[in-house]
Amino acid sequence: MARDHKPSRRRARVLAASAAVFAIGGTVFAGLPASAAGKPLGHDVSSHQKNVNWSGAQAKGARFVYIKATESTDYRNPYFGRQYNGSRNAGLLRGAYHFALPDKSSGAAQAAYFVRNGGGWRADGWTLPPALDIEYNPYSKKKCYGLSKARMVGWIQSFSDEVKRQTGRRPVIYTTTHWWNKCTGGSAAFAANHALWLARYDSANAGALPAGWSFWTFWQYDNNGSLPGDQNLFNGSMAGLKRFAKG
């Protein structure tokens with residue numbers, strides 16, 4: 001996902017030009033994966049999107065959104081409040097995500113900062129669980145942040161434990177299969193109690209999953225499309241998405 005205060009990171013790939021066309025909520029979209037039929041469409045945004053037209057996004061089929069709240073322990077999205085409240089006012093389920101920088105401070109410290117600055121959760125049926133965005137280091141050639149595989153697993157566990165302690169929910173984990181297998185050594189320690197938000201830009205399917213997970217909950221299938229920001233699907237029905245939000 002996007003970094004707020006530096007140029008956008010390299011993207012894996014764009015969708016094939018021959019991507020399928022589907023109708024969702026009466027609106028026609030080009031570029032949706034073949035497996036999108038019947039699944040709620042969503043997106044994720046950061047300060048790059050600034051003042052989002054939420055009613056317009058909802059009219060185009062958006063049913064949920066994740067909004068960047070924080071990064072490390074020293075950055076908060078200046079648009080977070082208006083994005084978070086604006087999406088809810090437009091009828092979208094919404095949640096917050098944190099961009100992890102494991103080389104800067106502990107998992108617990110970043111989780112605490114995240115929760116203090118928008119990463120909370122409540123069982124109102126509208127608030128998605130907090131999410132951890134953990135991926136290749138965009139600021140250095142040390143793509144695993146200089147951490148060993150064991151230390152990376154420990155960092156993620158520390159973040160998760162603190163989010164659970166403060167909010168009552170385990171965070172959704174956003175990552176790529178390649179990063180996960182490289183930087184955690186293919187750890188299967190989180191699949192049992194952490195929903196997977198998989199990033200893979202493809203017009204057909206989500207592909208191989210990180211070790212341990214047998215299905216994805218969210219799939220970020222493109223970084224450009226009909227909705228502001230990155231394009232996502234929920235792996236279920238709208239009723240299922242509401243149940244997931246409520247916990």
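1. Which residues of β11 lie on one side and which on the other, and are they buried or exposed? Asp230, Asn232 and Phe234 are on one side and Gln231 and Leu233 on the other, and both faces are covered, with these residues all buried, that is, under 20% relative accessible area with a 1.4 Å probe and protein chains only. In a regular strand the side chains alternate between the two faces of the sheet.

2. This is a predicted model, in which local features need pLDDT of at least 70 and side-chain atom pairs count only at pLDDT 80 or more, while totals for chains, interfaces and linings use all residues. Residues are numbered from 1 along each chain as its sequence is written, and side-chain values use heavy atoms, without hydrogens and water.

3. Strand β11 (residues 230-234; strands are DSSP E runs of at least two residues) is joined antiparallel to β3 (residues 41-45) by four bridges, with histidine 43 opposite glutamine 231. Four bridges also join β11 to β10 (residues 218-222), again antiparallel, and here tryptophan 219 has leucine 233 as its bridge partner.

4. Threonine 175 lies in strand β8 (residues 172-175) and counts as buried because its relative accessibility is 0%. A polar atom of the threonine 175 side chain lies 3.0 Å from the backbone oxygen of isoleucine 134. Beyond neighbours within four places in sequence, the residues in contact with threonine 175 (heavy atoms within 4.5 Å) include Trp180, Leu196 and Pro210.

Terms used. Buried means under 20% relative accessible area, exposed over 50%, partly exposed in between (1.4 Å probe, protein chains only). A polar contact is a pair of N or O atoms within 3.5 Å; within protein, one must be able to donate a hydrogen and the other to accept it, and residues adjacent in sequence count only if both atoms are side-chain atoms. Two strands pair if DSSP finds at least two bridges between them.
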